[in-house]
Amino acid sequence: MTETTERLLPQGFEDLEPLVEYWAGEDGQIRWDRRAQAEMASITAFYNQMVSRADAALAYLMPFDLNAFPGPEARLYRLVLSLAHAAMAVELHGQPRAPHSPYPHGIRLVQGPQPFA
């Protein structure tokens with residue numbers, strides 16, 4: 001009997017697999033916490049790698065149902081969502097967290113993204 005293992009990411013995105021363990025957090029709170037706890041060099045490296053692949057990732061994900069991504073596609077989607085977190089640090093704050101903001105913060109996201117009707 002042969003053993004089958006699920007890919008981490010869809011075919012063509014294998015170069016992003018090293019990012020999955022840390023950056024593809026299950027929900028927005030986890031992704032925010034990971035950015036807040038990361039070193040700026042790590043955030044910038046993630047940002048640079050993802051920003052160059054974001055258009056291809058979004059084009060690949062477009063045909064899928066937002067609420068029913070298969071495992072590899074769900075992880076790719078979460079990497080794209082983490083890119084938004086990293087972009088805040090790289091493009092706006094210049095550091096992992098917003099200046100003068102308490103950490104950890106008390107905001108909890110209770111509902112994920114909603115598809116457009």
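User: Is the crossing of H4 and H5 left-handed or right-handed?

Analyst: A crossing is left-handed if the near helix is turned anticlockwise from the far one by less than a right angle, and right-handed if clockwise. The crossing of H4 with H5 is left-handed. This is a predicted model: local features need pLDDT of at least 70, side-chain atom pairs count only at pLDDT 80 or more, and totals for chains, interfaces and linings use all residues. Residues are numbered from 1 along each chain as its sequence is written, and side-chain values use heavy atoms, leaving out hydrogens and water.

User: Which residues in H4 meet H5?

Analyst: Contact means heavy atoms within 4.5 Å. From H4 come Ala54, Ala57, Leu58, Tyr60 and Leu61. They meet Glu73, Leu76, Tyr77, Val80 and Leu83 in H5.

User: Which residues of H4 are buried, and which are exposed?

Analyst: Buried means under 20% relative accessible area, exposed over 50%, partly exposed in between (1.4 Å probe, protein chains only). Ala54, Ala57 and Leu61 are buried in H4. Asp55 and Ala59 are exposed on the other side.

User: Is arginine 78 buried or exposed?

Analyst: Arginine 78 lies in helix H5. It is buried, at a relative accessible area of 12%. Not counting residues up to four places away in sequence, arginine 78 touches Trp23, Ala24, Gly25, Glu26 and Arg31.

Notes
Helices (H or I, at least four residues) and strands (E, at least two) are DSSP runs, numbered from the N terminus.
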